[in-house]
Each structure stands twice: as C-alpha cells, then as structure tokens.
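Please look at the sequence and the structure first, and then follow the points below with both in view.

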Amino acid sequence: MQALFPRVYFCLFLAIISCAQTTENTSTTLTNSALETLKAAIMDLDSDSVMRQGHLAISIKSIRTGQVIIEQNAKKAMIIASNLKLVTTLSALEILGEDFRFKTDLQYDGTLENGVLNGNLYIRGGGDPTLGSDRVTNSLDLDALMALWVQKIQAAGIRRIKGDIISDDGIFNENVIPNGWTWGDIGNYYGASAFGLNINDNLYKIYLETGKQVGESTQIVRTDPVMKDIIFVNEVTTGPSGSGDQSYIYGVPYTYHRNIQGTVPISRNPFVIRGSLPDPPLFTAQNLRDALVRKGVSLEGAATSTRILIHQKQYRPATPTRKPIYTHFSPPLSAIVEQTNLRSMNLYAEAMLKMMGVKELNKSTTWESTDAVKNLWAKKGMNITGFFMRDGSGLSRSNALLPDFLTNLLIFATKQPYFNSFYKSLPVAGVSGTMKGIGEGTVAAGNVRAKTGTLDRMTSYSGYFKTKSGELMAFTFIANDYAGKEKDFRRKAEKILVLLPTLP
C-alpha cells in the first residue's frame, strides 16, 4: 500500500503536466487560428477574380508596440479616395487646433446717420463651411442665420441702405476646383467646392416628379432653396423602382446653366437630387438682401460680390474704414471634424485644407495648401515618400499615399491630446455613418471604427479596432482597380473587417 501512493501521485503529476501542455497548445492554436484565418481571408480576396487586374493593400499594426501584425503592399502608393480626409482632419487638428472657429463678419463702409447707411453692407467670409447649415451641433440653418443677421443689422441702427450688399470671399482664391476633379462630380452636391464664403453646405435640392412608367420623362417641381437665374436642361428619365439615384448634374462654378442626365427611380412623391451652388458668395448676398427687405429695411443697391466687382473693375479693397456690425463664429473644429469623417463631407475637408494654407503659408489655393500638410508631417518625422495630395477630400483620383503612412498617422493620433475628438469622429461598424451597414450582428459591430472611401473601382477602410484582449490596433485596407460592382466588392471586403476583432 505504501508503494501505491507514490505511483498514484506520479500519475496524477503526469496528468497535470499533460493538461497544462494541452491548455497552452490550445491557446497557441487559437491565437494562430484567428491570425491565420484573417490571413487566409485576405489571400482569398487577393486571389479572387475581381482582383485579377487590381491591387490589394493591407496594413495592421499594434498601437502599443508599433509591431506589424499583417502587411501587404503597405509601402506601395495607392489611391485612397475619402480616406484622405483622415490626413486632412488630423492635420487641421494639429495646425488649427480642436477649438479653432471659422468666423464671418458683417461690416459696412461709408457713414451711418439717422438709420441711413450711405455706403455698402459687407459679408466678409472666413471660409466657414458650416455657415447656414444645421448639420453641425449649434450651427444655424439658412433661414435662422439670415434672421439673426437681419436682427444684428437692425440692432446697429440700420433701417435704410443706399449702397450694395457685397459678399467678400477674398480669403480664398477664385479658382475653387482642385486638380483632378471630374466633370461628372463638380455639378453635384458632393462636388461642392470651398469658397471664401460658403452657405447651406453649398448645395441646393431639385424636386423631380417622375413618370408613371419606366422610361418616361421627369419634371422639375421646385428647388430648395429657390435658385434665381439658373437654367436647367432636364434629360432625367424614370428608372425602375429601387434603382436608386443614377442622375448627374453637370455645370461649373460661377455659371448658371445646368444639364441633368440619368435616371431616378419611379416614385409617388417628388424625388430629390442635390446639386452644388453655382456661386455661394453671390447667393449669400442675395439671400441677405431678400431677408432685409422682408423685415422692412429699405435697400437701393444690388446684391453682388467682390469677385464680380473686381471683374467689373469697380472693387475697392478692404480698408480700416470698414466698421464692424457682428462677428459670427462657427462651431469648434472638433465638431466640424466629427461631421467631416462621420458623413464624409467633402466641402468641410476642402475648407479646412485651405484654412491651413492661409495660416501656415499665407496661401489659399488648394495646391499650395497641400504643401502645408506635407510640411507638417515631414517635420513630424513621417516618411512622406509616395504621398501625393491634390485636394483635401479625396475626390481626385490623383491623390495617393502609402497604406503604411496612413496606419502610422493613426498611431500618431492616439498619443495626441485631441485623440478623443478624432476617435469619436470615425464611423462605427453596424452603428453610425458610412459604416452603419458594415458588420451588423457580428463582433465588428460597435468595435471597428473606420473612415470609408469610395471612387469608381476603388474602396478603402482605415481606422481602429480592439482585439479580444482589448488592445487597440490601427489598420488600413485599400483596394484599387477591382472588377465588378462596388456593393459586391464591399461584401467581400466586409468578410475581412469582421475578422479584425477576433485577433487575441
């Protein structure tokens, strides 16, 4: 009996060792399994027929250690579409600061006596992209903004204006179209450029009455806001139910001729499409003039802009003789960044880019403003090889950068005081923004935060996710020149995104 106990203890010891080894191997197997499954999914997509002529790039890194988890074509320059907004918004947070506010000034020249202004009323733009839009918290819509401005003008004692209502948009340059923007984009709402004075997100709505049968013509019912002097050539026809908005508005800034082509789905109610305002500064002056008249202010002059007056050789540059009436401030930059990334607002990104150029280089062209961004990251020690920036929004296909650069930029952001503002600006899988339809009902929902980018045959995702252990990771996923429809490719890409949080 005495010899039995040591033997029993010995066997028990072996069993414990065996269990311990099994547990350790199982953990290693699970760890390797999650990573290998992710790698296999990437390989499957890369070898898929849709990528036969295309290029797939992946960069996943640990924020804590900087270690590369997965890397494929990460140091190849890739077109990134709207993911360029991550560069723009992070640069703006660095250069302008999260508390920065755009400002717009109401001013007058001449003399003000007994309620009569013997001079002009000016709206001096400061590049605010949120002016007259309630998209951002604490920002006023167009009607509320005009009502406030009229109130401020009347409070200044002005009851009659003998001069003009002049929009001064000189803070930015007159050429508002960045290089690489296409004819099919610039007449539509997402192709709205950044002017020195912006209003109502620089867009208007067209209400179309569709036909009762597929192929029938559509009729323009109205626009909102009312568009003065604009001429529409409407060639939009009625498409099948559920076919979506396949219409395009063609036209350029400062001109009032618009061709509309394509199809919109059959609808019982007017179908709404959105275009870019031809001349936001002039539109602002016209709206303020109308609002003043409605409130009983007498006006003798016209609504115009400094650009128009310069071309007519009638403009006098701003002088100290202009007197202030009211300064209107935008919401803080942090709130604008949130909408820029969450809703992928091209206009907001372009305005931030130009303001960085003004602050850093005293230049306001898009081309020169990109130098401010490149200089910033070069000074921060970032490798800007393969960094080609042609606008602030990513709408130009001439934009390109290394996925590795973007992932490193995301890691850099986590160590900055504004990180919380930036982090919450990113759409959340299955929850918000452009990621709302991604990963619903999977572990990615509520976990993966990413900016999405889309151009013809181009899709990208960049952002953060948390592993099963709670570690925050940064990633970039870019596909260029894939075949097939965007929605079909996104379903394939989603299979990779939902695997990210399964990493241990």
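The mean pLDDT of the protein, where pLDDT is the predictor's confidence in each residue on a scale from 0 to 100, is 93, and 93% of the residues reach 70 or more. This is a predicted model, in which local features need pLDDT of at least 70 and side-chain atom pairs count only at pLDDT 80 or more, while totals for chains, interfaces and linings use all residues. Residues are numbered from 1 along each chain as its sequence is written, and side-chain values use heavy atoms, with hydrogens and water left out.

**Overall picture**

- The secondary structure comes to 11 helices and 20 strands, where helices (H or I, at least four residues) and strands (E, at least two) are DSSP runs numbered from the N terminus.
- Of the 504 residues of the protein, 53% count as buried, a word that here means under 20% relative accessible area, with exposed meaning over 50% and partly exposed in between (1.4 Å probe, protein chains only).
- The C-alpha atoms fill a box of roughly 120 × 55 × 40 Å, taken along the principal axes.
- Among contacts (heavy atoms within 4.5 Å) between residues at least 6 apart in sequence, 70% join residues at least 24 apart.
- Over residues 1-30 the pLDDT stays under 50, and for this stretch the model has 0 contacts beyond four places in sequence.

**The sheet of 5 strands**

- Strands of a sheet pair through backbone hydrogen bonds, either parallel or antiparallel.
- An open sheet is formed by 5 strands in the order β16-β8-β6-β3-β17, with mixed pairing; two strands are said to pair if DSSP finds at least two bridges between them.
- Because β16 (303-305) and β17 (323-329) stand at the edges with a single partner strand each, one side of each is left without a neighbour in the sheet.
- From one strand to the next, the twist averages 20 degrees, with angles running from 0 to 180 degrees between N-to-C directions and axes being lines fitted to C-alpha atoms, for helices over the stretch in contact.
- Helix α3 (residues 142-155) packs on this sheet, where it touches β3 (103-108), β6 (121-124) and β17, and the direction of α3 makes about 155 degrees with that of β17.

**Strand β8 within that sheet**

- Strand β8 (residues 165-168) runs parallel to β16 and is joined to it by 3 bridges; I165 has A303 as its bridge partner in β16, and S167 stands opposite S305 in β16.
- Strands β6 and β8 also run parallel, joined by 4 bridges, and the bridge partner of Y122 in β8 is I166.
- The residues I165 and S167 point one way from β8, whereas I166 and D168 point the other way, and all are buried.

**The sheet of 3 strands**

- Another open sheet, of 3 strands, has the order β10-β9-β14 and antiparallel pairing.
- Its edge strands, β10 (219-224) and β14 (271-276), each pair on one side only, and the twist averages 30 degrees from one strand to the next.
- Strand β9 (residues 203-209) is joined to β10 by 5 bridges, and Y207 has R222 as its bridge partner in β10.

**Helices packed against α8**

- Helix α2 (residues 84-95) packs with helix α8 (residues 366-379) at an angle of about 75 degrees, and their axes are 10 Å apart.
- The helices α2 and α8 are therefore roughly perpendicular to each other, since angles of 65 to 115 degrees count as such, those under 35 as roughly parallel, those over 145 as roughly antiparallel and the rest as oblique.
- In this contact, V87, L90, S91, E94 and I95 of α2 meet A372, V373, L376 and W377 of α8.
- By class, the contact of α2 with α8 has 7 nonpolar, 1 polar and 1 charged residues, where Ala, Val, Leu, Ile, Met, Phe, Trp, Tyr, Cys and Pro count as nonpolar, Asp, Glu, Lys and Arg as charged, and the others, Gly among them, as polar.
- Helix α7 (residues 346-361) packs with α8 at an angle of about 75 degrees, with axes 8 Å apart, and α7 and α8 are therefore roughly perpendicular to each other.
- The contact of α7 with α8 has 5 nonpolar, 5 polar and 5 charged residues.

**The residue E471**

- E471 lies in the loop between β19 (458-466) and β20 (472-480), and because its relative accessibility is 19%, E471 counts as buried.
- Apart from neighbours within four places in sequence, E471 is in contact with S62, R64, F465 and K466.
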